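Subject: Two-chain model, handover and findings

Hello,

Here is the structure I promised to pass on. Please load it first, then read my notes beside it.

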Amino acid sequence: MDAQIKPEAGAPGTQAKQRISGRAVLLSLGVLLANIVINGLIFLFFRDSTLNPLLTAVLAVLWGVLGVYLIYYTLTWAVEQYPDRIRRKVLPYVFVGPAVIILGWLLILPALRTLYLSFFNASSEKFVGLSNYAAIFSDHLMATALRNNLLWVFVGTLACVCFGLLIAILADRSSYERIAKSIIFMPMAISFVAAGVIWKFVYYYQPGDEQIGLLNAIVTYFGGEPQAWTSMLQPWNNFFLIIILIWMQTGFAMVIFSAAIKGVPDDILEAARVDGAGEVKIFFGIMIPFISSTILTVTTTIIVFTLKIFDVVMVMTGGQYDTEVVATQFYRQFFMYRNFGYGSTLAIVLLIAVLPVILINLRQFRKQGGF
Amino acid sequence: MVGKKKRKSSKTVVNLILGVICFIWILPTFGLFASSFRPAADILQTGWWKVFPHQEWKAGETLQLSKDVDLRQPIEVNGKTYSDDQLKAGVKADDSRLMWENRRARTVNVQEQGWKATPDLTLDNYKNVLSGKEYKLKEADGSETVQKGSGLSQAFWNTLTIAVPATVIPVLIASFAAYAFAWLRFPGRKTLFVIIIAMLVIPIQVALIPVLKDYTSLGLNGSYLGIWLAHTAFGLPLVTYFMYNFISQLPKDLFESAFIDGASHFTIFSRLILPLSVPALASIGIFQFLWVWNDYLVSLIFIGNQPSVQVMSMKIADLVGSRGNDWHLLTSAAFISMLMPLAIFFLLQKYFVRGLMGGSVKG
């Protein structure tokens, strides 16, 4: 990685020119302009088109897929019209440029703008300093949202990682590894919204004897009272929502742990067994230390994911019955109450909450020798 | 010998525990699957497990009570007394259940439990959901008109139109960037890369409002391009990180000979890097596809309410919210939305898992 690949002579014909020719400048400007104009026109065509939906779908997919490739193709072609020394300097930026532009426009700048908005009042007209932040931490609803988010992150992540590890270990020793892993991993492919529907059938509650919800049917079968699991059973209803996350995310943890466990060298395990170490001792003494960096990666991923949790709560309870989390509160403040200052502040609070995770990730990356 | 025997018995225990976990894991999904084939009335009255053979009360012989029985007093049937309300709901007596057959005619039915083995299943739910439900609307003049709500099929095509480019675009852009970060040297390389990795943890909520404002002023709201770009931006950090891990591990000698032959970076990228990266491209592509396909929040904000552009997750969330009693539509709609991800998941599972291993397990 240290030595750079030196591009040898480029396409024939370009090598001789060492000065920037006017033709090259014109060509590259033309290519840039043509890309913008053509894609803009296609965009307008789709916006105003009244074609059959199937045809629109096919054409749009073609445009989306081929368009990007063509942009890269034409831009590199334009750069190749320049002399070698210029080309070598510009080409990397052509390659990373689109990524940087899109991220800058749609992720980095917005984060800064949201930070700015968080110091203004509801309609973004008056500067209010830190009072939005003060308000958030004194508001009862916000306190609930923050508490619930903590609960989600802590319980959800812990359960996903532990279950994932347990199942990975079990599957590793089982003869039905493939099918078991498929079943556990399957919920990853299901949308939150569909998962919401699935779990409504588990938690469904109606007064009386006949229950159509699985959980209440089991409870009444054993002579218990049916419960309104996701609404009236506060604050435990949050746990019943978190179970859905565990159901969906454990598979992710499991697959990665499973791969890591397979990476533990067999001879170490054999040596430990010969020395008379039990399976539990092998697990804690050899496997856990060996896959510790994987555990960190998985934990980080799930923490980040859980902090942003939105869909499950939105679909299951809409944030009622004290199940509000930061992301649903944010959505409500912003899109229903039009309270921009408050909404932005919530987003920033979320960002601050994940900051330590960024730092840990970067450090880990440096350790791995990335940079 | 002893050790081997112990191993075997522990293997049975492992399989047993794993079996129980798998059973619990698949049960909720199976419930949805079974429900989606049941008639609307059945779904609301009994649990989905009733599709299996089960015991049910069946009408048996009829008892005729004498005409002068006072229904307000405890009623004597077969030597025992029951109240009117009890007979209305059905009351157990020995092995059978007593229930009014016709209260006016004063006939009581003695029901007995019997096995019911043939479940009532139907495809109507799917038909209704795909073609749109019919609503009866009362006009001002009192006449009724039947209106068809929009079906899921339009939403299905919308979702596909969004998901395919929103998968290809970020994967392609990220691969170009990853190649440059891994194999080209340029000023600002480290800084840019660290910034992109840091973006991994930015909650997208932070970006939604400013982006929405830009989109509104550019007219990108509710357009395919707008939603592709949004999904691209939100997926890009992870895809770049993932592709970098893969592309930077490729052996260097591979490109050197290509350079000597006079190939440009673009040629090397499209002729060498892309074909070599197929396992990684496939697995991260599947992931991105599933995320976009299953996304709700981004669509909710950038797509808007017109039915012509709505995606499936919005449609279903709509069904959950506004018509909580249409369980039969909800179940089949949810299942239809799961078909594509599940198919992809089971067909391409091999790549999925292999790619995941390449990306995140580096010891």
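Predicted model: local features only at pLDDT ≥ 70, side-chain atom pairs only at ≥ 80, totals over all residues.

Residues are numbered from 1 along each chain as its sequence is written, chains are lettered from A and ligands numbered from 1 in the order in which they are written, and side-chain values use heavy atoms, with hydrogens and water left out.

**Chain B overall**

Chain B has 15 helices and nine strands. Helices (H or I, at least four residues) and strands (E, at least two) are DSSP runs, numbered from the N terminus. Of the 363 residues in chain B, 52% are buried. Buried means under 20% relative accessible area, exposed means over 50%, and partly exposed is in between (1.4 Å probe, protein chains only).

The accessible surface of chain B is about 17,100 Å². Carbon and sulfur atoms hold 59% of that surface. Areas come from the Shrake-Rupley method with a 1.4 Å probe; for residues, only the protein chains shown count as cover.

Take the contacts in chain B between residues at least 6 apart in sequence: 66% of them join residues at least 24 apart. Contact means heavy atoms within 4.5 Å.

**Helix packing**

One pair spans the two chains. The axes of helix 3 of chain A and helix 8 (residues 224-247) of chain B come within 9 Å and cross at roughly 105°. Axes are lines fitted to C-alpha atoms, for helices over the stretch in contact, and angles run from 0 to 180 degrees between N-to-C directions. These two helices are therefore roughly perpendicular to each other. The cut-offs: under 35 degrees is roughly parallel, over 145 roughly antiparallel, 65 to 115 roughly perpendicular, and the rest oblique. On the helix 3 side of chain A, the residues in contact include Ile102(A), Trp105(A) and Leu106(A). On the helix 8 side of chain B, they include Leu229(B), Phe234(B) and Pro237(B).

The other pair sits within chain A. Helix 7 (residues 192-203) and helix 8 (residues 214-221) of chain A have axes that come within 4 Å and cross at roughly 15°. They are therefore roughly parallel to each other. Phe201(A), Val202(A) and Tyr203(A) in helix 7 meet Leu214(A), Leu215(A) and Asn216(A) in helix 8.

**Salt bridges**

Side chains of opposite charge can pair when their charged atoms come close. A salt bridge here is a side-chain nitrogen of Lys or Arg within 4 Å of a carboxyl oxygen of Asp or Glu.

- Asp214(B) and Arg113(A) meet at 3.1 Å, N to O. Asp214(B) lies in helix 7 (residues 205-218) of chain B and Arg113(A) in helix 3 (residues 84-117) of chain A, so the pair joins two chains. Asp214(B) counts as buried at 16% relative accessibility. Arg113(A) is partly exposed at 30%.
- Glu177(A) and Lys181(A) meet at 3.0 Å, N to O. Both lie in helix 6 (residues 177-185) of chain A, four residues apart, about one turn of the helix.
- Arg273(A) and Glu270(A) meet at 3.4 Å, N to O. Both lie in helix 10 (residues 266-274) of chain A, three residues apart, about one turn of the helix. Arg273(A) is partly exposed at 24%, and Glu270(A) is partly exposed at 43%.

**Nonpolar patch**

A nonpolar surface patch of about 750 Å² includes Phe45(A), Leu59(A), Leu66(A) and Trp157(B). Patches are made of residues with over 30% relative accessible area and no salt bridge; like charges are joined within 9 Å, nonpolar side chains (Val, Leu, Ile, Met, Phe, Trp, Tyr) within 5 Å. Helix 2 (residues 53-79) of chain A gives the largest share, six residues. Leu59(A) is in that helix. Its relative accessible area is 31%, partly exposed.

**Two single residues**

Leu112(A) lies in helix 3 of chain A and counts as exposed at 51% relative accessibility. Leu112(A) and Ile348(A) are 236 residues apart in sequence and 9.5 Å apart in space, C-alpha to C-alpha.

Val128(A) is in the loop between helix 3 and helix 4 (131-138) of chain A. Val128(A) is partly exposed at 24%. Val128(A) and Leu165(A) are 37 residues apart in sequence and 48 Å apart in space, C-alpha to C-alpha.

Best wishes
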